[in-house]
Amino acid sequence: MTEKVYEIAVLKGDGIGPEVVDEALKVLEVVQQSGGPACHFETHPCGATCYLEQGDPLPVATVEACRQADAVLLGAMGLPHVRWPDGTEMRPQVDLRFKLDLYAGVRPIYLYAASHTPLQGLEAGDIDMIILRENVEGLFASMNAGIELHGEVAVDTMVITRLGTERVVRYAFELAQERGRDPMMVTCVDKANIFRSMAFFRGIYDQVAGDYPEIKRDYAYVDAMALYLVQRPQHYDVMVSENMYGDILSDLAAGLVGGMGMAPSGDIGPDAGVFQPSHGTAPDIAGQGIANPVGTILSAAMMLKWLGGRFDDIQAREGARRIEAAVRRVMQVPGAGTPDLGGRMTTWSARPISKARCSTTQATSARVRSSSLYRSTA
Ligand code: ATP
């Protein structure tokens with residue numbers, strides 16, 4: 001039987017996007033060299049820079065390549081000075097969620113070292129939760145389609161559908177089951193005391209929860225959840241919310257475990273998976289070599305895990321496990337990490353590695369440098 005070669009579409013994007021994606025690619029190459037799954041990486045243009053060059057931040061050919069690929073690895077997109085005529089920034093990564101129906105925004109939040117959190121008295125592993133963000137409706141349904149009336153009134157609408165809510169809530173319960181914590185728990189985060197749409201969301205949560213009697217139900221209003229996340233983050237297992245609430249809470253939660261550079265994500269749909277760090281393009285630090293690549297490296301691990309499940313591939317699942325183990329190990333070293341973690345490392349390290357086993361198209365430079373992360377796993 002010939003070995004499966006995964007086709008991975010790589011969308012590096014803008015700002016620190018290319019910097020962090022290059023590090024994740026190096027890690028994936030090392031995983032492959034040591035018996036992991038084989039991948040073929042192909043880079044495609046996308047983002048604000050692409051708009052400046054080609055007049056389109058998300059070319060049709062790039063979307064088609066993402067559809068054809070087994071998975072997509074994405075950096076970050078958008079630049080503050082590149083905007084649509086209405087003043088909004090370009091968000092092709094969000095457009096891609098709609099085009100590929102990536103309804104489940106999976107955002108794991110894990111504390112790798114006590115020194116990463118501003119909270120006191122927590123150890124590595126004490127924060128371990130997943131924020132599941134509905135990705136294609138909610139308040140983002142109005143994206144690029146809000147209404148402004150005569151320069152006096154502007155309206156964006158919260159859209160909650162039965163189908164959209166049912167499938168994301170079910171995904172949350174499946175995730176909790178897969179994690180198997182004691183107790184397993186799914187927290188419904190909403191604002192059901194005020195908004196009709198949110199009461200509807202909660203009602204559907206209750207219906208789906210009925211199919212999972214072994215999993216504890218839990219409820220919080222989104223404003224209270226901002227408080228609880230700071231006061232007792234250890235309490236949470238999986239939480240599910242509409243799009244905008246999940247967007248805000250996942251940034252807050254990233255701040256509890258070291259910042260945006262430590263937060264991976266996977267945007268999952270029925271036929272596609274796009275994996276990217278939760279952060280944006282961070283123009284304030286782009287080009288300085290200090291962007292933290294860990295969130296992107298962990299996103300690459302999520303990608304392998306997802307491919308492993310989808311194709312029933314033990315090698316891919318094992319590759320994911322090894323990357324996660326490597327991150328855990330490196331993060332325990334005192335002083336390890338980029339400046340956002342209080343460390344002095346750069347985004348890359350200078351030790352060259354041997355030529356990768358996998359083939360790449362445009363994806364990586366001929367001279368592949370080693371990543372600080374896999375150095376200590378070798
Ligand atoms: P977006 O709206 O596109 O998600 P954002 O407005 O939330 O983006 P980010 O680009 O994520 O903003 O940056 C927020 C802050 O986090 C900035 O101070 C940035 O420097 C920092 N940051 C983001 N990503 C990283 C990273 N990988 N390493 C270090 N710092 C980062």
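## Salt bridges between separate parts

A residue is partly exposed when its relative accessible area lies between the buried class, under 20%, and the exposed class, over 50%. In this predicted model, arginine 170 has 33% relative accessibility, so it counts as partly exposed. Its side chain meets that of aspartate 211 in a salt bridge, at 3.0 Å from N to O. The pair links distant parts of the chain, 41 residues apart. Arginine 170 sits in helix 5, while aspartate 211 sits in the loop between helix 6 (196–209) and strand 9 (216–221). Aspartate 211 is also partly exposed, because its relative accessibility is 48%.

Another salt bridge joins aspartate 206 to arginine 217, with the closest N and O atoms 3.2 Å apart. Aspartate 206 lies in helix 6 and arginine 217 in strand 9, so the pair ties together parts that are 11 residues apart in sequence. Aspartate 206 has 27% relative accessibility and therefore counts as partly exposed. Arginine 217 is partly exposed too, with a relative accessible area of 38%.

Arginine 321 and glutamate 318 form a salt bridge. Their closest N and O atoms are 2.8 Å apart. Both residues lie in helix 10, 3 residues apart, which is about one turn of the helix. Arginine 321 is partly exposed at 46%, and glutamate 318 is partly exposed at 33%.

The count of salt bridges comes to 19. Some join into a network, which links Arg83, Glu89 and Arg91.

## A buried charge without a partner

Aspartate 313 is in the loop between helix 9 (294–310) and helix 10 (314–331). Aspartate 313 is buried yet has no salt bridge. The nearest side chain of opposite charge is arginine 317, 7.2 Å away. A salt bridge needs the nitrogen and oxygen within 4 Å. A polar atom of the aspartate 313 side chain does lie 3.2 Å from the backbone nitrogen of alanine 316.

## An enclosed helix

Helix 4 covers residues 92–99. Of its 8 residues, 6 are buried, so helix 4 is largely enclosed by the rest of the structure. The buried ones are Pro92, Gln93, Val94, Asp95, Leu96 and Arg97. Just after helix 4, aspartate 101 takes a positive phi of about 55 degrees.

The largest pocket holds about 880 Å³ of space. It is lined by 28 residues, and Val106, Ile130, Leu175, Glu178 and Lys305 are the closest to its centre. Elements that give two or more residues to this lining include strand 4 (104–110), strand 5 (128–134) and helix 5 (162–179). Helix 9 gives the largest share, 6 residues. By class, the lining has 17 nonpolar, 1 polar and 10 charged residues.

The second largest pocket holds about 360 Å³. Its lining has 17 residues, and Thr88, Ser142, Asn144, Gly146 and Asp156 lie nearest its centre. Strand 6 (147–149) and strand 7 (153–155) each supply at least two lining residues. The classes here are 8 nonpolar, 4 polar and 5 charged.

## Cavities

There are 2 cavities of 30 Å³ or more. The second largest cavity holds about 40 Å³. Among its lining residues are Cys66, Arg67, Asp271 and Trp306. Helix 3 (60–68) and strand 3 (71–76) each supply at least two residues of that lining. The lining divides into 6 nonpolar, 1 polar and 3 charged residues.

How values were computed. Residues numbered from 1 in each chain as written. Predicted model: local features only at pLDDT ≥ 70, side-chain atom pairs only at ≥ 80, totals over all residues. Heavy atoms only, no water. 1 Å grid on protein atoms, 1.4 Å probe; cavity = no way out; pocket = protein on both sides within 12 Å on 5 of 7 lines; lining within 4 Å. Points joined across faces, edges and corners; volume = space filled by probe spheres on them. Helix = DSSP H or I, 4+ residues; strand = E, 2+ residues; numbered from the N terminus. Nonpolar A, V, L, I, M, F, W, Y, C, P; charged D, E, K, R; others polar. Buried < 20%, exposed > 50% of the residue type's maximum accessible area, 1.4 Å probe, protein only. Lys, Arg positive; Asp, Glu negative; His and termini not counted. Polar contact = N/O pair within 3.5 Å; in protein donor to acceptor, adjacent residues only side chain to side chain.
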